[in-house]
Amino acid sequence: MLWAILILTGIGIACGILILVVNRVLPKEPASLKRAEQVNENLPGMNCGACGYPGCFAYAQALSKDNKVFFSNTCATVLHDETMLSGIEQVLDLKVDKAALNRKAVVACSGNCENVGIYTGVATCKTATKILGGFKRCPYSCLGLGDCIETCPENAIHLDIDSNIVVIDPDRCTGCGLCVNECPRNVIKLVPVNSNIVFLCNYHDLRDIPGRGKCDSGCIKCRKCVKACPAEAITWNKDKSIPEFDFEKCTDCKACIEACPQKILIELKNVSKKIKV
Amino acid sequence: MNSNASLVTIFIGMVIINNMVLTKFLGLCPFFGVSKKLSNAISMGVAVTFVMLLAATATSVIYNYILVPYEIKFMNIIIYILVIATLVQIVEITIRRTNIALYNALGIYLPLITTNCAVLGITLINANNNYSIVQSMVSAVGGGLGFTLVLIIMSGIRERLELGETPKSLRGLPIAFVTAALLALAFMGFSGLL
C-alpha cells in the first residue's frame with residue numbers, strides 16, 4: 001500500500017519535471033499563434049460559423065494573417081458590439097465603417113394570405129414546402145413554422161400570432177445571414193441598414209398577380225413606385241416582375257412609400273410593429 | 001493471446017483482426033473528426049501511432065519493472081492515464097513550436113488524443129495480456145497502423161461521398177456513421193484468420 005502511494009507520487013513528479021524540461025528546451029512559440037490568441041480575445045467565442053470559418057479561433061488565425069478578411073467575411077456580432085469592435089480595430093490596425101457593412105434581415109412577406117387547408121404534417125418549413133408548395137395560397141409566402149427561429153444566434157426572430165408569419169426584430173438582428181440560408185422559400189432578404197425601405201412581397205413570377213386571389217396585400221405590379229422615385233433608384237425587373245432597389249441612389253425621401261397602393265413598402269423601423277395592412 | 005504469442009501474430013492481430021476502430025470501437029472521436037481529408041487523415045494516423053508507441057513503451061516499462069515486482073498491478077489505470085497525458089502534452093508542445101502547418105491541420109484533435117480511449121486501450125490490452133516490452137511495442141505499432149489504415153480508407157470514402165448527392169438530413173456525420181458500420185461489417189470477414 002505504501003509502495004503504491006510512493007510510486008504514484010514519484011511518477012507524478014517525474015512527469016511534471018519532464019514537461020518543464022521540454023518547455024524550456026524547445027524554441028519559443030511562433031509569433032503568428034500569439035497574434036491569433038490576441039485577436040481571439042476580441043471575438044465573441046460563440047463558434048456559430050456565420051463568418052464561414054470553423055469556429056472563432058480559426059477566424060482569428062485567418063484575421064491575423066490577413067486583416068482584409070474582416071471585410072470579406074464580417075463577424076456580425078463583433079460589428080454590433082462596441083467593445084469588441086474597438087478591440088479588433090486596435091489589434092488588427094483597421095478602420096471599420098459600420099454603416100457600410102451593417103445589414104439586417106427582413107422577412108419579405110406581409111402575411112396576409114389564407115391557408116388552403118389544415119396542415120398536420122411535420123412542423124418544419126422545409127417539409128411543408130415540399131407538399132404542393134406549402135399550405136398557404138401564395139407559394140412564395142412565409143409559412144411561419146419557424147426553421148429560421150432556431151437558427152438565429154441572437155434570438156431575434158419570433159412568430160407573429162396575428163399574421164402567422166415570422167418577424168425579425170431589427171434591433172437584435174446582426175445581419176449574419178444564417179436565417180437566409182435556412183429559409184426553404186427564400187423569403188428572408190438582407191438589406192443594408194442605411195437603406196431604410198423594405199419591400200414586403202416575395203412573389204416573383206410572371207404568371208399571376210398576387211393581389212388577385214392569392215393575397216390581399218401582394219404586389220399588383222402597378223409600377224407606381226418606379227415612377228414615383230425622383231432619384232431613379234427603383235427599377236423594374238421584367239423577368240421576375242418585381243421592383244429592384246438600388247440603395248446607393250436612394251435619398252430616403254419616402255415617395256415610394258406613399259405611392260404604393262398596397263402599402264407594402266414600409267420603413268425598416270416599422271417592421272416589427274405591424275405587418276398587416 | 002498470452003505472452004507466448006509471436007510478434008507476427010500480435011502485429012497482424014492488432015492491425016486487421018482486432019482492429020482498434022472497427023472491431024474494438026475505440027478511438028471513434030478522432031476517427032470521425034479527422035477523416036474528411038486524406039492529408040489530415042494521414043497526419044492524424046501517424047500522430048496517433050507515434051503516441052501509441054511512446055505510451056506503450058513507457059507504460060510497459062513501468063508495468064514490468066515497477067508494478068509487477070511491487071505487486072501493485074491495480075494501479076495501472078491511474079498511472080497509465082498520468083503517463084499518457086504527459087506524453088501527449090509533450091507531443092503537442094513540440095508540434096506547436098516546431099511545425100505550425102501540422103498544428104493547424106490537426107487543430108483540436110491533438111488534445112483529443114489524450115482522452116482518446118484507443119491509446120489507453122492499447123496500454124491496458126498490453127497489461128492484460130502480460131506482454132513483454134518488445135511485444136507491447138509491436139502491439140502498439142500494430143494498433144496505430146490499424147487505426148491509420150481504417151482512417152485512410154474512411155477518408156477516401158468520405159471524399160467521394162462529398163461529390164455525391166446525399167440526402168440533406170444525412171449529410172456529414174450521419175452518413176459517416178453508416179459508412180463506418182458497413183466497413184465494420186466488412187472487417188468482420190477477417191475474424192477467423194488466426
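1. Chain B has nine helices and zero strands, where helices are DSSP runs of H or I with at least four residues, strands are runs of E with at least two, and both are numbered from the N terminus. This is a predicted model, in which local features need pLDDT of at least 70 and side-chain atom pairs count only at pLDDT 80 or more, while totals for chains, interfaces and linings use all residues. Residues are numbered from 1 along each chain as its sequence is written, and chains are lettered from A in the order in which they are written.

2. Of the contacts in chain B with a separation of 6 or more, 81% join residues 24 or more positions apart, a contact being a pair of residues whose C-beta atoms, placed from the backbone, lie within 7 Å.

3. Helix H4 (residues 76-98) and helix H7 (residues 117-128) of chain B have axes that come within 10 Å and cross at roughly 140°, with axes fitted as lines to C-alpha atoms over the stretch in contact and angles running from 0 to 180 degrees between N-to-C directions. H4(B) contributes B:Asn76, B:Tyr80, B:Ile81 and B:Ile84 to this contact, and H7(B) contributes B:Val119, B:Leu120, B:Thr123, B:Leu124 and B:Ala127.

4. Between the chains, 17 residues of chain A are in contact with 16 residues of chain B. On the chain A side, helix H1 (2-25) and helix H2 (31-40) are the elements that give two or more residues, and H1(A) supplies the largest share, eleven residues.

Note on methods:
Contact = placed C-beta atoms within 7 Å.
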